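Colleague: I would like to go through this structure with you. Please show it first, and then take me through its features in turn.

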Amino acid sequence: MNARTLLFTFIAGACIGLSAYADDKSSFQSMLLWYEKPALKWETEALPIGNGRLGCMIFGGMQKEHIQFNEDSLWTGDEQDTGAYQAFGDLHLEFSHPDGQNYRRELDIGRAVHSITYTSDSIRYQREYFASYPAQVMVFRFTADKPGSYSGTLQMTDMHKGKIAAEKNRITSSGSLEGYTYKESKTPYTIALKYEAQLKVLTDGGTLELVDDKLVFKNVDSLTLFLDAGTDYVNQRSKNWRGEHPHVSISERLEKASSVSYEKLLAAHIRDYKSLFNRMVLNLGTPAETIRQLPTDKRLTAYRGSETISAKGSMYDGHRLEDTGKGIQDPELEVLLFQYARYLMISSSRPGDLPANLQGVWNNSNSPPWRSDYHTDVNVQMNYWFVDAANLAECFEPYSEWLYSIREVRRDETKKEYNVRGWTMHAENGIFGGSTWKWVNPTAAWCAQNIWDHYAFTQDKKYLSSRAYPIMKELCEFWEDFLKSLPDNTLVAAKGYSPEHGPEGVDGVSHDQQLVWDLFSNYIQGADALETDAEYSARISSLRARLLGPKIGKWGQLQEWMDDRDDPKDQHRHLSHMIAIHPGRQISPLTTPQLAEAVKVSMNARGDESTGWSRAWKICIWARLLDGNRTYKILNGMIKTQITPNLFDTHPPFQIDGNFGYAAGLCEMLVQSHIDCASYQTSTNSISAGKTAKENYLIHLLPALPSSWASGSVKGLCARGGFEVDIEWEDGKLIEAAIHSKEGQICRLRSAIPLDVKTGLWKVETTSPEDSVYEFDTRAGKVYRLKAK
């Protein structure tokens, strides 16, 4: 192909027409979940707040307030058994004033503040709740516009029958998880964490006194509650997973927080939260103002139209607003659900904490569905698909730290089970390394895919060396020992299983083959990036070359098994043989078009309807297939059928992976960067000669834009290779973009329309215009602007 030279202009900052929500009053409504009535149901109506470690669900009753709270390390289990994530306790407040009028409760995800207002006996009552990461406490503030308006009682309960002690203005619950087991566990656990929660109450005016285990307040002007909780868990096997009792640290945090003014606490919380949340802005269009003014539950109903959700297996039975059955177009609600996923991730996965589990950090049961665990046959991986793309790289740390901490436990059990090196996992996993239910050997490799991807986005060599690379190498050792050679010298994964259906204990399952290929590919790139282990990397490269690859079956489908046994009527929720296209990179319409067509055949057979998380994965897959309208159809159907009034995703029941998977799919619709340029060059010969493809990815702008999002913009979406991307489009076509280079890598772009790329620094070579692929050098910290011709 003939290359052409383009002149392009370096700019110090992007001039793209995008504004932050914080500076756009018209967008304030788009960052609110709000309701006209208190919540009655925990799962579908209560609203979540959290700071990563602590979380609570708020009901917002006027006369009776219920706040159910959690702490991320309150787990049962041990090194043999997954155990289960536990509910911690509840706060119950009862007020002497009656229920009132003009009620409104809202969650402002732009500030991570929950508020409630209403009027009772001509007095306006207001509450503000937030979970502070800087202070590491949750704060609940009750005020009114008339002095002395609050009288009532406050009580804290303990979900494990621990000791409740009240003294002066403080209530403490403490105990041990000794004797508590998950419903399927038959023997006591060898680890029993100690726990404690403390509630400190400050009042202005009136009186506060103890009556039994309750705090009774009379005629106070305001109440401010500070809540903290913890266990003696520490993520170190060498210490038997146990550290100091949490009493001292909880007491110190509460004393420090309560000595600061409420206004300063709130300001520090908002500043910290916005430092993450405000990195990314998305605009997909604005609905009619009558729709924007609806409460969130009614807005969701309007989006659904007359379509009944109960008939599709969802737990949400909403009102009917109009009878067309089509629903009302509301791109702002689609954005709200995306930003809500970012809010939930910030609220349940911060540095120093445990990763988000099946329900994030929110759970009201000691025997929650699927243990509320780290499910590794798709779910925990789906939780973290979107984090780096959505500019929340720090939120990934808990996931990599947890995986790193359990390696020795997994090595020991894997050695005992298979007598091989390295390690792998069952499908259910807990915080101590215990792993139960079923061996699904490639799931550890699937976790490693997340681990590698974090490096691909951030280009953080320290993280690669200390965390990602050791994990990937150990998993490669497992598969080096576990792979089976067929008579023709082809390598297959032995004793496989395609989650969560089909035969077990068979060789060459596509799910297994694809994940091993992905692991080997990522390990090879990692060794190359670190310039280490060249001999072992070559060994893994030779093994990868012998792996059984994806196969096309008799009805044109991508085979789920080595044998051609797929049923065209099978509509199972799991899409385990689609890993090669998403979240993997072995199959793509741009590099392997025949295999991509086989993926379409299989996906058409599977259908568009399913559970919440499965629909989210289908959004991601169809986006990777570059079909924007089909992708949007599934996205639209997911919101109509799997999203509850509080915007939680339902499997059913509630699983947060659907919320996070939805966000991942939307990112894939706007920017894709998973294809490494070496693969693209091999398949298309479209990267100009003389350029190295080492550690470079092809950034594809607007790869799956649907007609429903004809005009819009995005700011702060991240791409692999260390780039941030801002894009503006109109009538389905890119208008301009800005590329922020963090690491100074060569930038390679693919766009559906020709771009004018300019710089005053140097001339660069780009590929032929018909392919619309461009490449140019970048400098770290600089921003580059591209405009449509």
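**The largest cavity**

Modeller: A cavity is a set of points, on a 1 Å grid over the protein atoms alone, where a 1.4 Å probe fits but cannot get out; lining residues have an atom within 4 Å of a point. This is a predicted model, in which local features need pLDDT of at least 70 and side-chain atom pairs count only at pLDDT 80 or more, while totals for chains, interfaces and linings use all residues. Residues are numbered from 1 along each chain as its sequence is written, and side-chain values use heavy atoms, with hydrogens and water left out.

Colleague: What volume does the largest cavity have?

Modeller: A volume here is the space filled by probe spheres set on the grid points, which are joined across faces, edges and corners. For the largest cavity that gives about 250 Å³. The structure holds seven cavities of 30 Å³ or more.

Colleague: Which element gives the most to the lining of the largest cavity?

Modeller: Elements are DSSP runs numbered from the N terminus: helices are H or I of at least four residues, strands are E of at least two. Helix α9 gives the most, with five residues. At least two lining residues each come from α9 (443-458), α16 (656-670), β26 (671-672) and β28 (712-719).

Colleague: How many residues of each class are in that lining?

Modeller: Ala, Val, Leu, Ile, Met, Phe, Trp, Tyr, Cys and Pro count as nonpolar, Asp, Glu, Lys and Arg as charged, and the others, Gly among them, as polar. The lining has twelve nonpolar, six polar and five charged residues.

Colleague: In what order do the nine strands of the open sheet stand?

Modeller: Two strands pair if DSSP finds at least two bridges between them. The order is β3-β8-β9-β10-β11-β18-β15-β14-β13, with antiparallel pairing. Strands β3 (32-35) and β13 (163-167) are at the edges with a single partner strand each, so one side of each has no neighbour in the sheet.

Colleague: Which strands pair with β11?

Modeller: Strand β10 (residues 123-132) pairs with β11 over eight antiparallel bridges, and Ala131 has Met138 as its bridge partner in β11. The two strands form a hairpin with four residues between them, and Gln136 in the turn has a positive phi of about 60°. Strand β18 (residues 222-231) is joined to β11 by five bridges, also antiparallel; there Arg141 is partnered by Thr224.

Colleague: Is β11 mostly covered or uncovered?

Modeller: Buried means under 20% relative accessible area, exposed over 50%, and partly exposed in between, with a 1.4 Å probe and protein chains only. Strand β11 (residues 137-144) is mostly covered, with six of its eight residues buried. In the protein, buried residues make up 64% of the 789 residues.

Colleague: What should I look for in the backbone?

Modeller: Most residues other than glycine have a negative phi, and most peptide bonds are trans. Asp121 has a positive phi of about 50°; this residue lies in the loop between β9 and β10 and is exposed, at 58% relative accessible area. Asn240 has phi near 55°, is placed in the loop between β18 and α1 (247-258), and is partly exposed at 43%.

Colleague: Which peptide bonds are cis?

Modeller: One of them runs from Pro499 to Glu500, with omega near -10°. Another joins His651 and Pro652, with omega about -5°.

Notes: 1 Å grid on protein atoms, 1.4 Å probe; cavity = no way out; pocket = protein on both sides within 12 Å on 5 of 7 lines; lining within 4 Å.
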